[in-house]
Amino acid sequence: TQLKSLQNSGIFIELDNDQNKPSEKILGFLSKQLNISTMQLSPVSKNSQTTYRNKIKSFLRYQEFEENQESFLKKFIMHEM
């Protein structure tokens, strides 16, 4: 879910916030696809979460949005208007 979240929206799901946690329905659907029980989808520690996020970023060749890219994007949008 984190991989697809980053790929589609550019941000990770913040699991510390109860409002952002995937619903039981989503977890049930994913566990069925992966052929595992939802009990196996247990929370991970902060260290593990950081490790997984870094692996996902590497896999997607993700780059943080930097100031020079923001400036370029603003100029592009103004030019296209």
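**Helices and salt bridges in a predicted model**

Reader: Is Lys74 buried or exposed?
Author: This is a predicted model, and the values are computed from it. The relative accessibility of Lys74 is 52%. Exposed means over 50%. Therefore Lys74 counts as exposed.

Reader: Which residue does the side chain of Lys74 meet in a salt bridge?
Author: Side chains of opposite charge can pair when their charged atoms come close. Here the salt bridge spans 3.6 Å, N to O. The cut-off is 4 Å. The partner of Lys74 is Glu70.

Reader: Where do Lys74 and Glu70 both lie?
Author: The two residues are four residues apart. That is about one turn of the helix. Glu70 is partly exposed, at 35% relative accessibility. Both residues belong to residues 67–80, helix H4.

Reader: How many salt bridges does the structure hold?
Author: One joins the side chains of Lys74 and Glu70. Another joins Lys57 and Glu64, at 3.0 Å, N to O. Lys57 is partly exposed, with a relative accessible area of 23%, and Glu64 is partly exposed at 44%. The number of salt bridges in the structure is two.

Reader: What pattern does the chain follow along the sequence?
Author: The chain has zero strands. Its secondary structure comes to four helices. Read along the sequence, the pattern is α-α-α-α.

Reader: Is H1 parallel or oblique to H3?
Author: Helix H1 covers residues 2–9, and helix H3 covers residues 46–60. They pack at an angle of about 50°, with axes 10 Å apart. That angle makes H1, relative to H3, oblique.

Reader: Which residues in H3 does H1 meet?
Author: On the H1 side, the contact uses Gln2, Leu3, Leu6 and Gln7. The residues of this contact divide into five nonpolar, two polar and two charged. On the H3 side stand Arg53, Ile56, Lys57, Phe59 and Leu60.

Reader: Is the crossing of H1 and H3 left-handed or right-handed?
Author: A crossing takes its hand from how the near helix is turned from the far one. Clockwise, by less than a right angle, gives one hand; anticlockwise gives the other. For H1 and H3 the crossing is right-handed.

Reader: How many buried residues does helix H2 have?
Author: H2 runs over residues 24–34, which is eleven residues. Buried means under 20% relative accessible area. H2 is hardly covered, and its count of buried residues is one.

Reader: Which residue follows H2?
Author: The residue after H2 has a positive phi. That phi is near 60°. The residue is Asn35.

Note on methods. Residues numbered from 1 in each chain as written. Predicted model: local features only at pLDDT ≥ 70, side-chain atom pairs only at ≥ 80, totals over all residues. Heavy atoms only, no water. Axes fitted to C-alpha atoms, helices over the stretch in contact; angles between N-to-C directions. Parallel < 35°, antiparallel > 145°, perpendicular 65-115°, else oblique. Contact = heavy atoms within 4.5 Å. Nonpolar A, V, L, I, M, F, W, Y, C, P; charged D, E, K, R; others polar. Buried < 20%, exposed > 50% of the residue type's maximum accessible area, 1.4 Å probe, protein only.
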